[in-house]
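Student: I have the sequence and the model open. Can we go through how the strands pair and what packs around them?

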Amino acid sequence: MSRWTKLDGRTAWSYLTMILFRAAAVAVLLSVIAPLPLKAQSYPTRPVTIIVPSTPGGGTDILARIVGDQLAKQLGQGFVIENRTGPLAGTAAAARAEPDGYTLLAGLNANMAEHLSMELFKLMTGTNFTHVPYRGAQPAYADVISGRVSVFFDNISAALPQVKGGSVRALAVTTAQRSPVVTELPTVAEAGVPGYEYHTWFGLWAPRQTPRPIVELLHGEIRKALAVPAVRDRITEQAGEPATTRLGEIEPFVKAEIAKWADVVRRAGVAVQ
C-alpha cells in the first residue's frame, strides 16, 4: 500500500507535456500566466477527454474525476473520463492524440513502471516475488481476496475501502513517514526495511505539441481547482496531499526520477515489454 508522490517513465512521457497537478502531493505545477491569444481564450469549445489508463475505481480514476468535475464547472465544458485499461495502451493513445487540448492523460509514475515499488523491496530485502501484471487495481484485489495472489502494492485511495471493509489487511505504507489517514500503520522502514521509501505522484498530461497558451490556461485552471476547499477535502479524503510545484521544476524532477528508477530497473534486471 503506497501513498501519493514520485517516479520514472521515459518511454511514453517523452511524447507528452505535463500540464499540471501531481499527487504525492496532488501537486499543482505553477506558472506565471501571460495574456493569452484568442485560440486559448476560446478554449475549450467542446468537451475534453481525460484518458485514465486503468479500470474505474482506482486512485488515478478517482483523482481524474475529482479534478475533471471541477474543471467542467470552471470552464463550462464537460471533462469526460475515458478508461482505457493497460497503462501503456492508454498512455500511447494520449500521446498519439491531436495536440489541441481536447485529449489529456491522467498519468502517474506507476503507469510506466506498475511494479518498481516491489522490485525495490525485493532488492533491499533479498526476497523474491513473481510479478503479475494487471490492467487495474480492481482485478488485482479480486485475486488477492481470493488467495490467488499473496501481496499487492497499491495507492491508499484505492486500498482504504478494501481495508476498511475487511477484504484485505494492510501491512505498511511505503512513504518515509506514516500516513495521517492510517496512522496506526507502520512504514515499511519501521516494519524492518530501513531506508525503504516509495511514493506515487500523479499528473495531468497533454500531447507534446499542444499549444503553450492552452497548456498555460489548463495549468492555471487546475491550480484554481485545487484551491477550492471542497476539492481539497475530496482529495484529502482519498489520502492525497494537495501541494504546489513550479513549472520550471517539473522537468528536473522527472529527470531525477528517471535516473533513480532506471537504476532500480538495471539492478533488478527488469525487461522492458
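Tutor: This is a predicted model. Start with β7 and β9, which pair in the antiparallel sense over four bridges.

Student: In which sense do β5 and β7 pair, parallel or antiparallel?
Tutor: T49 has T103 of β7 as its bridge partner. There are three bridges between β5 and β7. The sense of this pairing is parallel.

Student: Over how many bridges do β5 and β6 pair?
Tutor: I50 stands opposite I81 in β6. The two strands, β5 and β6, pair in the parallel sense, and the number of bridges is five.

Student: Are the two faces of β7 covered or open?
Tutor: On one side, T103, L105 and G107 are buried. On the other, L104, A106 and L108 are buried as well. With six of its six residues buried, β7 has both faces covered.

Student: Why is β5 largely enclosed by the rest of the structure?
Tutor: Buried here means under 20% relative accessible area. β5 is largely enclosed because, of its five residues, the number buried is four.

Student: Which element supplies the largest share of the largest nonpolar core?
Tutor: The core has 28 residues, and Y43, I50, F79, L104 and L218 touch the most other members. Elements that each supply at least two residues include β5, α3, β6, β7, β9, α9 and α10. The largest share, seven residues, comes from α3.

Student: Which residues does Y43 contact, leaving aside its neighbours within four places in sequence?
Tutor: Y43 is among the core residues that touch the most other members. Its contacts beyond those neighbours are V48, D100, G101, Y102, I214, L217 and L218.

Student: How many residues are in the second, separate core?
Tutor: F153, A172, W261 and V264 are among its members. In general, nonpolar side chains tend to be buried together in soluble globular proteins. The second core has a count of 12 residues.

Student: At what angle do α7 and α8 pack?
Tutor: Q138, Y141 and I145 of α7 meet A158, A159 and Q162 of α8. By class, this contact has four nonpolar, two polar and no charged residues. The crossing is right-handed. The helix axes are 12 Å apart, and the angle is about 35°.

How values were computed
Residues are numbered from 1 along each chain as its sequence is written. This is a predicted model: local features need pLDDT of at least 70, side-chain atom pairs count only at pLDDT 80 or more; totals for chains, interfaces and linings use all residues. Side-chain values use heavy atoms; hydrogens and water are left out. A nonpolar core is a set of buried Ala, Val, Leu, Ile, Met, Phe, Trp, Tyr and Cys residues joined through side-chain atoms within 4.5 Å. Buried means under 20% relative accessible area, exposed over 50%, partly exposed in between (1.4 Å probe, protein chains only). Contact means heavy atoms within 4.5 Å. Axes are lines fitted to C-alpha atoms, for helices over the stretch in contact, and angles run from 0 to 180 degrees between N-to-C directions. A crossing is left-handed if the near helix is turned anticlockwise from the far one by less than a right angle, and right-handed if clockwise. Ala, Val, Leu, Ile, Met, Phe, Trp, Tyr, Cys and Pro count as nonpolar, Asp, Glu, Lys and Arg as charged, and the others, Gly among them, as polar. Two strands pair if DSSP finds at least two bridges between them.
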